[in-house]
Amino acid sequence: MASIPLLRFSLHPLSKPQFAQTPSPISLRFPHPLTPPLQSLSKTITSPRRRHGTRMSYTPTPAVDRLVSAAAYLLPFFNGLQYGRHLFMQYPILGSVFEPILPLLSLYRSVPYGSFVAFFALYLAVVRNPSFDRYVRFNAMQAVVLDVLLALPMLVQRIFNPGRAGLGYRLMVMGHNAVFVFVVFCFVYSFVSCILGRTPYLPFVADAAGRQL
């Protein structure tokens, strides 16, 4: 009779040992066909890759600002032509290159104290005028600084008075020729840069002009 309770215990559902169901290797590799795919996987497959590029915005300089900036360099250019008289005498063909601007130069020379009037007009009306863009003011200030520097060789000449012969005269002629070439180079470079909307940086002049602004 003792075997009856043991028989009942063996037939009871709870008496069956519980085993943890582990997934088969096949189920790990291949998901169930009715199981929806993972959203992250579908987004990775279906969504294209976004390429992030750096875009640079370029704002062109207005035409009025370019013209005003280019015209500002006429002041040091006209005042610096006096240093080229020795080259004009030595190479007459060089004068034909500057012949087209002679009418404008004559008009500039005909105004009484035209150099001083143009200098203060450029400085007060453009450089110190906040209505103009910094691009215009920088170029105008650079032209003003260059014009001031052009007065130094003439001041040195008046102080030492090298005469019309000798070593001092030859050094003066070489210095005037160098100043003239430098002025022409600065004018051409600055004028073309302003017409193209670029900022010219003249040696020994750009730093002084930037500090004044």
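Tutor: With a definition: a residue is buried under 20% relative accessible area, exposed over 50%, and partly exposed in between, using a 1.4 Å probe and protein chains only. This is a predicted model, so local features need pLDDT of at least 70 and side-chain atom pairs count only at pLDDT 80 or more, while totals for chains, interfaces and linings use all residues. Residues are numbered from 1 along each chain as its sequence is written, and side-chain values use heavy atoms, with hydrogens and water left out.

Student: Fine. N161 then, buried or exposed?
Tutor: N161 is exposed, because its relative accessible area is 60%. N161 is found in the loop between α10 and α11, and has a positive phi of about 50 degrees although it is not a glycine.

Student: Which residue other than glycine has phi near 55 degrees?
Tutor: Y113, where the value is again positive. Y113 sits in the loop between α8 (102-110) and α9 (114-127). With a relative accessible area of 64%, Y113 is exposed.

Student: Step back. How many helices and strands are there in the chain?
Tutor: The chain has 12 helices and 0 strands. Helices (H or I, at least four residues) and strands (E, at least two) are DSSP runs, numbered from the N terminus.

Student: What share of the residues is buried?
Tutor: Buried residues are 27% of the 213 in the chain. The accessible surface of the chain is about 16,300 Å², and carbon and sulfur atoms hold 67% of that. Those areas are from the Shrake-Rupley method with a 1.4 Å probe, and for residues only the protein chains shown count as cover.

Student: And the contacts, how many join residues at least 24 apart?
Tutor: Of the contacts between residues at least 6 apart in sequence, 74% do. Contact means heavy atoms within 4.5 Å.

Student: Where is N139 found?
Tutor: In helix α10, residues 134-160. N139 counts as buried because its relative accessible area is 0%.

Student: What does its side chain pair with?
Tutor: The side chains of N139 and Y73 are joined by a polar contact of 2.8 Å. A polar atom of the N139 side chain also lies 2.7 Å from the backbone oxygen of Y135. A polar contact is a pair of N or O atoms within 3.5 Å; within protein, one must be able to donate a hydrogen and the other to accept it, and residues adjacent in sequence count only if both atoms are side-chain atoms. Leaving aside neighbours within four places in sequence, N139 is in contact with S69, Y73, C194 and P200.

Student: S69 is in α4, I take it. At what angle do α4 and α10 pack?
Tutor: Helix α4 (residues 63-72) packs on α10 at about 5 degrees, with the axes 8 Å apart. Axes are lines fitted to C-alpha atoms, for helices over the stretch in contact, and angles between N-to-C directions run from 0 to 180 degrees. The two helices are therefore roughly parallel; angles under 35 degrees count as roughly parallel, over 145 as roughly antiparallel, 65 to 115 as roughly perpendicular and the rest as oblique.

Student: Which residues of α4 and α10 meet?
Tutor: D65, V68, S69 and A72 in α4 meet Y135, V136, N139, A140 and A143 in α10. By class, that contact has 6 nonpolar, 2 polar and 1 charged residues. Ala, Val, Leu, Ile, Met, Phe, Trp, Tyr, Cys and Pro count as nonpolar, Asp, Glu, Lys and Arg as charged, and the others, Gly among them, as polar.

Student: Now α10 and α11, parallel or antiparallel?
Tutor: Roughly antiparallel. They pack at about 170 degrees, with their axes 11 Å apart. The α10 side includes Y135, N139 and Q157, and the α11 side includes M172, H176 and C194. This contact of α10 with α11 has 10 nonpolar, 4 polar and no charged residues.

Student: What is M172 in contact with?
Tutor: H86, Q157 and P162, leaving aside neighbours within four places in sequence. M172 lies in helix α11 (residues 167-195) and is buried, because its relative accessibility is 12%.

Student: Last one. How do α4 and α11 cross?
Tutor: At roughly 175 degrees, with axes that come within 8 Å. The pair is therefore roughly antiparallel. R66, L67, S69 and A70 of α4 make the contact with F191, C194 and I195 of α11.
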